[in-house]
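I opened this entry to keep a record of what I looked up in one model, and in what order.

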Amino acid sequence: MSVSELSVSTQNYLKVIWGISEWSDVPVTATVIAQKTGLKVSSVSDAVRKMTTQGLVSHARYGAVELTDLGRKHALDMVRRHRLLETFLVQVLGYDWDQVHDEAENLEHAISDFMVERLDAFLQHPTRDPHGDPIPSADGVVVLPDAVLLSEVGPGQRVVVERISDDDPVLLKFLHAQGVVPGVVLTIVGATPFSDALSLNVGDGEIPVSLGRQATDALYVSHA
């Protein structure tokens, strides 16, 4: 069965469940899903029960929600659609990277499996989307970069931005204006006293930029 045969709601739930666990070890519960989606816990619980009967998730009472092999396959199909669409919108249609998430959310439910593969071929099989998130391969392989939160990096270190969370378009726009994009090198100058902010140089820039905890918690970096 193709993921296209699932309801839009189920497609969204599967993608959200995968997304929560992709960069975090936090157990995926109905409450966490509700917080991520803005839905009521009771609505999420009903959806989880339905997906359990469909063989898409497993869920012990009061326990974590986990994708089955079938559920994982469909979730990665949706993630692949979304990230290929974001890449297409930026590279081909000239969208700004803070504009593409919502657009891709709408389009991902409408395109066919055939179109997904044509997009992949047209884009020459990209492995990362504009925000640095890995694009699953057609056979479900996901290669996560070896990265940590910028918040966990100490002064004096040089790091490369690997991925930026796309949860907040306003933050994305701000980071882009500062030149903080995937692939750029950051040099941590120091921590701002009495705050959670980091002072850093972007690329070859000599004027430090100060980023608060909301920003540093959205940036995943590797050592340069």
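My notes on the model follow, topic by topic.

**Ground rules.** I am working with a predicted model, in which local features need pLDDT of at least 70 and side-chain atom pairs count only at pLDDT 80 or more, while totals for chains, interfaces and linings use all residues. Residues are numbered from 1 along each chain as its sequence is written, and side-chain values use heavy atoms, with hydrogens and water left out.

I looked up the largest pocket and found about 770 Å³ of space in it. A pocket here is an open set of points on a 1 Å grid over the protein atoms alone, where a 1.4 Å probe fits, with protein on both sides within 12 Å along at least five of seven lines; lining residues have an atom within 4 Å of a point. The volume is the space filled by probe spheres set on the points, which are joined across faces, edges and corners. I noted 29 lining residues, with Gly19, Ile20, Lys36, Arg163 and Asp167 nearest the centre. By class, the lining holds 10 nonpolar, seven polar and 12 charged residues, where Ala, Val, Leu, Ile, Met, Phe, Trp, Tyr, Cys and Pro count as nonpolar, Asp, Glu, Lys and Arg as charged, and the others, Gly among them, as polar. Helix 1 (8–22) is one of the helices that supply at least two lining residues each, and helix 1 gives the most, with seven. Helices (H or I, at least four residues) and strands (E, at least two) are DSSP runs numbered from the N terminus.

**Surface.** I then found a nonpolar surface patch of about 300 Å², made by Val92, Leu93 and Phe122. Such a patch takes nonpolar side chains (Val, Leu, Ile, Met, Phe, Trp, Tyr) joined within 5 Å, from residues with over 30% relative accessible area and no salt bridge; areas come from the Shrake-Rupley method with a 1.4 Å probe. Phe122 belongs to helix 6 (residues 113–122) and is exposed at a relative accessible area of 55%, given that buried means under 20%, exposed over 50%, and partly exposed in between (1.4 Å probe, protein chains only).

**Charged pairs.** How many salt bridges does the structure hold? I recorded 13, each a side-chain nitrogen of Lys or Arg within 4 Å of a carboxyl oxygen of Asp or Glu. Arg80 and Glu117 meet at 2.8 Å, N to O, and this pair links helix 4 to helix 6 across 37 residues. Arg80 is buried at 4%, whereas Glu117, at 36%, is partly exposed. Asp133 and Arg163 pair at 2.7 Å, N to O; Asp133 sits in the loop between helix 6 and strand 3, and Arg163 in strand 4, 30 residues apart. I found both partners buried, Asp133 at 2% and Arg163 at 9%. Salt bridges that share partners also join Lys15, Glu105 and Glu108 into one network.

**Backbone.** Last, I checked phi, knowing that most residues other than glycine have a negative value. Gln124 has a positive phi of about 65°, and His125 has one of about 55°. I placed Gln124 in the loop between helix 6 and strand 3, and His125 in the loop between helix 6 and strand 3 as well. Gln124 is exposed at 67%, and His125 is exposed at 52%.

Methods: Patches are made of residues with over 30% relative accessible area and no salt bridge: like charges are joined within 9 Å, nonpolar side chains (Val, Leu, Ile, Met, Phe, Trp, Tyr) within 5 Å.
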